[in-house]
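My entries follow the model below.

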Amino acid sequence: NVELPIQKGYLYGLFTENENDTLEACIAQSPNEFPSYVSIPWVKVSKVSLDQAEVSLALKDTQGVFLKASVMPANATCKEVFWTSSDENIASVDENGHVIPKASGKAVITVATVEGGYSASCNVTVSLPQCTIGIQVSPASGGTVQGAETYEPGVNVKLKASPAVGYDFVCWKTAGKKVSTQKEYTVQASQDITYVAEFAVKVFNIQAVANNTDFLNIPPRLFK
């Protein structure tokens with residue numbers, strides 16, 4: 001494909017001369033007019049560039065992204081380009097520079113000019129959807145927790161609860177359901193989910209005994 005500096009008319013043929021320095025166009029202003037030859041300078045391509053050098057896509061981004069190629073100089077006669085992907089299984093690209101993620105991994109998208117073979121590349125990284133694991137503490141002063149973060153699906157995550165002074169760990173819950181009574185609880189990231197680490201205030205039973213035959217029982221009391 002070439003761009004000609006001709007506003008209107010009928011093109012009957014193109015011929016190149018002088019090692020592509022000149023383009024001869026056979027043109028007529030109307031269908032009934034005898035065509036004449038017009039000599040048009042051939043402007044050679046000097047480079048091509050892309051609007052992005054790095055792109056990150058999530059696998060769920062099914063609409064992908066469009067890369068824009070710019071052929072220089074702006075008035076180059078032949079601006080035709082073609083696109084390739086280093087790994088079509090990771091990211092594909094069509095003739096318009098439309099990149100679609102296919103699987104997690106890395107691929108290099110390259111655009112090249114038909115004339116001169118100039119090229120430019122964009123590094124594409126496709127990642128799996130992320131799962132967010134959140135943790136709430138009940139009561140808020142009951143202790144500390146570890147494991148709340150964003151993970152890739154399938155990763156095993158260790159949740160850890162550490163009771164504060166004066167508290168005991170009770171259990172892990174999610175959606176109101178008890179799932180474990182262990183302080184360290186391993187789960188597999190598969191979706192966004194929130195766990196609750198429940199703690200309870202320690203309870204002490206104290207009994208006092210007199211030195212004589214009488215003894216005094218003190219009812220259990222709550223100490224904080």
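I began with terms: strands are DSSP runs of E, at least two residues long, numbered from the N terminus. Two strands pair if DSSP finds at least two bridges between them. The model is predicted, so local features need pLDDT of at least 70, side-chain atom pairs count only at pLDDT 80 or more, and totals for chains, interfaces and linings use all residues. Residues are numbered from 1 along each chain as its sequence is written, and side-chain values use heavy atoms, without hydrogens and water.

**Entry: the sheet**

I looked up isoleucine 109 and found its bridge partner in β12, cysteine 122. Strands β11 (residues 105-113) and β12 (residues 119-127) run antiparallel, and 8 bridges join them. I then traced the open sheet of 4 strands: its order is β5-β12-β11-β8, with mixed pairing. From one strand to the next, the twist averages 20°; axes here are lines fitted to C-alpha atoms, and angles run from 0 to 180 degrees between N-to-C directions.

**Entry: tyrosine 151**

I found tyrosine 151 in strand β15 (residues 149-151). Is tyrosine 151 buried or exposed? Its relative accessibility is 16%, so tyrosine 151 counts as buried (under 20% relative accessible area, 1.4 Å probe, protein chains only). I listed its contacts (heavy atoms within 4.5 Å), leaving out residues up to four places away in sequence: Pro129, Gln130, Cys131, Ile133, Val157 and Ala189. Proline 129 is 22 residues from tyrosine 151 in sequence and 8.8 Å away in space, C-alpha to C-alpha.

Conventions: Buried means under 20% relative accessible area, exposed over 50%, partly exposed in between (1.4 Å probe, protein chains only).
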